[in-house]
Amino acid sequence: MRITSGADLVFISEDKKFCLLLPWQTMTEMLSLCAKSFGRETGGTFYGVYTEDGIKAIAHGITKPSCLSLRLPSLFIRRTGCLTRFFRRLWREKNQYYLGEWHFHPQASSRPSNMDLEQMKKLAAYEKLHCPEPIMLIIGRTPPTDWEISVFVFPRGQNECELFQIQSSERRENTTAR
Ligand SMILES: [Zn+2]
């Protein structure tokens with residue numbers, strides 16, 4: 001399977017208080033993992049930096065599904081120990097932060113389920129994570145050729161807020177499966 005390069009994706013909230021830049025490289029990594037998951041749900045976390053004004057998050061990388069994956073509600077707290085160590089090291093070595101969670105809805109809409117929303121609110125409230133505004137990214141449909149994406153931010157103690165794509169991936173049609 002090969003995915004050729006495309007444009008970086010930009011998502012912004014209606015009030016312009018939250019913005020996510022998703023480099024095509026990061027998008028490609030997620031699409032590849034979705035395509036290789038053979039119709040099963042998959043996911044993990046993603047990380048990167050914030051701009052100095054704190055408005056824009058830039059996603060430089062993802063964690064693969066492993067001990068860090070978000071699957072069952074009962075695993076929710078257990079995995080955070082593992083996650084905390086990983087992100088402590090990332091901060092020390094690369095000055096990068098945990099930004100949020102991504103997961104895949106195979107052959108389905110990228111819209112969040114009630115459980116998705118609840119888990120993200122729990123994450124936003126979980127102080128040990130040091131992330132008061134985690135972002136949720138959901139990929140739907142059948143990657144790598146046919147996909148859609150939904151992005152939400154969860155400011156602690158507030159309602160979730162959807163981020164809308166403002167720069168279309170013009171070269172998405174170049175995405176090919178081999
Ligand atoms: Zn979901």
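Visitor: How are helices and strands defined here?

Guide: Both are DSSP runs, numbered from the N terminus: a helix is H or I over at least four residues, a strand is E over at least two. This is a predicted model, where local features need pLDDT of at least 70, side-chain atom pairs count only at pLDDT 80 or more, and totals for chains, interfaces and linings use all residues. Residues are numbered from 1 along each chain as its sequence is written.

Visitor: Where is Thr63 found?

Guide: Look in the loop between strand S4 (56-62) and helix H2 (78-94). The protein chain has three helices and eight strands. Their order from the N terminus is β-β-α-β-β-α-β-α-β-β-β.

Visitor: Why does Thr63 count as buried?

Guide: Count other C-beta atoms, placed from the backbone, within 10 Å of a residue's own: 20 or more is buried, 12 or fewer is exposed, and in between is partly exposed. Thr63 is buried because it has 21 C-beta neighbours inside 10 Å. Buried residues make up 30% of the 178 residues in the protein chain.

Visitor: How far apart are Thr63 and Trp102 in sequence and in space?

Guide: They are 39 residues apart in sequence, and 9.2 Å apart in space, C-alpha to C-alpha.

Visitor: What pLDDT does the protein chain average?

Guide: pLDDT is the predictor's confidence in each residue, from 0 to 100. The protein chain averages 83, and 81% of the residues score at least 70. Over residues 68-78, pLDDT is below 50. A contact is two residues with C-beta atoms, placed from the backbone, within 7 Å.
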